[in-house]
Amino acid sequence: MSARLFEPLRLDDLELENRIIIAPMCQYSALAGAATDWHLMHLGQLAQSGAGLLTLEATAVSPEARISPGDLGLYDDATERALARVLGAVRGTAPIPVAIQINHAGRKASSRAPWEGGAQIAPDAADGWQTEAPSAIPHAESEAPPHALDAEGLRRVREGFVATAKRAMRLGIDAVELHGAHGYLLHQFLSPLSNRREDQYGGSLENRMRFPLECFEAVREAVPAGKPVWMRVSATDWVEEGWDLDQTLELARALERRGAAAIHVSTGGLSTAQKIPVGPGYQVPFAERIKAETGLTTIAVGLITEPQQAEAILAEGKADAVSLARAMLYDPRWPWHAAAELGAQVRAPKQYWRSQPHQYKDLFKSAAFGQR
């Protein structure tokens, strides 16, 4: 039997060679939102991994949407030119499809990089700015509260998502993921812990879903038909009376009705009170239930580190694809090693064909060797 992990996956008109997706991973290494040589090296090596899809890190839709001063952005001509340079080099050496995750950090913006402690940067600091959110509730009690978005602010943010999606299409990016997880702006609208609005965007589940769905609809309309658009979600806040799986199921159904090609299922990130039972595959049950109850193509993520583990998730019907982050950073050839272990084939650059181990004579697709 063939390995499910290495079967093709179709997302609208985009066909992936396998079901391994490289998850978006913030690098905190941009300059004023612009991609740098670090992104060229980082994405260049991941593009040669043999995965089915490479997803760019959370990419801000405006300067104030960045998580940190070092966040990648795609919101003006300078950031577009910088990313075009990087993608041009990647595409020149690797055929892997590329998706982009577009994001607004909301109240979690204006923060230090993790290796600098990750704390909020004060709005009046030289490298900080005023954050914005559904309600004037800070992420942590010690932080400066965000400004609550008014009608004009909502319009500006929504148009920012659209403008970034259009720039991504000009760059030839193959798919778009809206970041609705990990406590960032769209997640902040969804959760009753961070959304205390009393207008049409707060209160009931329908109202709390309204703005994320408006952003999704606007991006879906801006992206040509056939190019897939989906959302990454946190299926639970891991906090009592917060966002939970039942509400996520309603969101998934609403996204499917609006043309979502998939849903990328993560958890947490909204509240400092979260209590997460971390362990191998700890988020997979959320993806499993969403897949079972909605039929929407489902991407599972969360401490998926071993090939047999990933294969079992797919073979048992718990998800349609797996998304790897830290495991890919630790082992950028993870798909090669998974293919070897599962008896499958993977694409590798011809410059590396001779690295194929003797015991895996058919590991690399299309590999050929001369006599010299």
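**Reading the calls in this model**

Mentor: Let's start with the stretch 5-341: its end C-alpha atoms lie 11 Å apart, and the span is 35% helix and 15% strand. Keep in mind that this is a predicted model.

Trainee: What does UniProt list for residues 5-341?

Mentor: Its unreviewed entry gives "domain: NADH:flavin oxidoreductase/NADH oxidase N-terminal" for those residues. Such annotations may be inferred rather than shown by experiment.

Trainee: What makes strand β9 count as largely enclosed?

Mentor: Buried means under 20% relative accessible area. Six of the six residues of β9, residues 229-234, are buried, so the strand is largely enclosed by the rest of the structure. V229, M231 and V233 point one way, W230, R232 and S234 the other way, and all are buried.

Trainee: How do you know which strands pair with β9, and in what sense?

Mentor: Count the bridges: pairing takes at least two. Strand β8 (residues 175-180) has five bridges to β9, running parallel. On to β10 (residues 263-266) there are four, again parallel.

Trainee: Which other β-α-β unit is right-handed?

Mentor: The one made by β11, α8 and β12. β11 (residues 298-301) and β12 are parallel and share three bridges, with I299 having A321 as its bridge partner. β12 also pairs in the parallel sense with β3 (residues 20-22), again over three bridges, and I22 stands opposite L324 there. In β12, A321 and S323 point one way, V322 and L324 the other way, and all are buried.

Trainee: Which residues of helix α8 are buried, and what covers them?

Mentor: In α8, residues 307-315, the buried ones are P307, Q309, A310, E311, I313 and L314. Their cover includes α7 (284-294), β12 (321-324) and α10 (334-342). Just after the helix, G317 takes a positive phi of about 75°.

Trainee: Why is A310 called buried?

Mentor: Its relative accessibility is 0%, and the cut-off is under 20%, so A310 counts as buried. Leaving out neighbours within four places in sequence, A310 is in contact with L5, I304, V322 and W334.

Trainee: Why is the pair E80 and R167 called a salt bridge?

Mentor: The rule asks for a side-chain nitrogen of Lys or Arg within 4 Å of a carboxyl oxygen of Asp or Glu. Here the closest N and O atoms are 2.5 Å apart, so the pair qualifies. The two sit in distant parts of the chain, E80 in helix α2 (residues 77-93) and R167 in helix α3 (residues 151-170), 87 residues apart. E80 is buried at 12%, and R167 is buried at 14%.

Trainee: What about R220 and D12: how far apart are their N and O atoms, and are the residues buried or partly exposed?

Mentor: Their N to O distance is 3.6 Å, within the 4 Å limit, so this is a salt bridge too. R220 is in helix α5 and D12 in the loop between β1 and β2, 208 residues apart. At 14%, R220 is buried, whereas D12, at 32%, is partly exposed.

Methods. Residues numbered from 1 in each chain as written. Predicted model: local features only at pLDDT ≥ 70, side-chain atom pairs only at ≥ 80, totals over all residues. Heavy atoms only, no water. Buried < 20%, exposed > 50% of the residue type's maximum accessible area, 1.4 Å probe, protein only. Contact = heavy atoms within 4.5 Å. Right-handed = clockwise from strand over helix to strand, strands pointing away.
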